[in-house]
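Here is a short briefing on one protein model. Look over the sequence and structure first, then read the points below.

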Amino acid sequence: MKNWMRANKGFLMFLLLFGIFRTAVADWNPIPSGSMRPNLLEGDVVFVNRLAFNLKVPLTNIVLGHLGEPKRGDIVTFFSPLDETRLIKRVIALPGDTVEMRNEKMIINGQEASYAALGTAPEPMGQGSIVALRLNEKMGAEQHRIQVLPEVDANRNFGPVTVPQDHYLMLGDNRDNSGDYRHFGFVPRELLIGRAERILVSADIKGNRMPRTERFGMALQ
């Protein structure tokens, strides 16, 4: 073993440095589910900037310093407060915000988001599909696409609640098919991993498994 390690010390050092880089600087995150449809699809692999918010001790959630502040509308990766599963959702509300959802509509600090219909699309469900209604959700200067599933029995109301200091409220863009704040509560800052910034590569893992080259390098909104 010692001889093998001596002969391969360059490769082992590369693996060590690569591991540190991936756990402290930049990472990638495969998308396994449809909770962020229509903006992220199953089979997308996104680039994650781990230095967007926190400087951490590698392989831990120990925060050494703050490097930036999450903004409303950011797509972020984080560990679930329930079981430390790695998740990706959108930041909807910041520390100190008062938030409620009424019949699918977001109200933040007394201001109701505005919605514009973008059309419909099929949403895979079981062995078939149902109709998804796609909307543009605008909250102040920030806007992004979401979708709702009128045929699904979902939790479309909560709050009002006030986001605690150093915590964030996350929702999936696929509002009626997402395990998010309504499942695990607020996310403390130390559980944030980083900001997802663009799609690196993509493949249709639910269909023909071919590359979706039109999504390569796509910036996230």
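Strand S7 (residues 98–102) pairs with S13 in the antiparallel sense, over three bridges. Strands are DSSP runs of E, at least two residues long, numbered from the N terminus. Two strands pair if DSSP finds at least two bridges between them. This is a predicted model: local features need pLDDT of at least 70, side-chain atom pairs count only at pLDDT 80 or more, and totals for chains, interfaces and linings use all residues. Residues are numbered from 1 along each chain as its sequence is written, and side-chain values use heavy atoms, leaving out hydrogens and water.

**The sheet**
- Four strands form an open sheet in the order S9-S8-S7-S13, with antiparallel pairing.
- Strand S9 (111–112) and strand S13 (158–162) are at the edges; each has a single partner strand, so one side of each lacks a neighbour in the sheet.
- Val99 has Val161 in S13 as its bridge partner.

**The cores**
- A nonpolar core is a set of buried Ala, Val, Leu, Ile, Met, Phe, Trp, Tyr and Cys residues joined through side-chain atoms within 4.5 Å.
- Buried means under 20% relative accessible area, exposed over 50%, and partly exposed in between (1.4 Å probe, protein chains only).
- The largest nonpolar core has 14 residues, and Val99, Phe158 and Leu169 are among those with the most contacts inside it.
- S7 and S13 are among the strands that each supply at least two residues of this core.
- A second, separate core of twelve residues includes Tyr168 and Met170.

**A loop residue**
- Leu51 lies in the loop between strand S2 (44–49) and strand S3 (54–56).
- Leu51 counts as partly exposed, at 32% relative accessibility.
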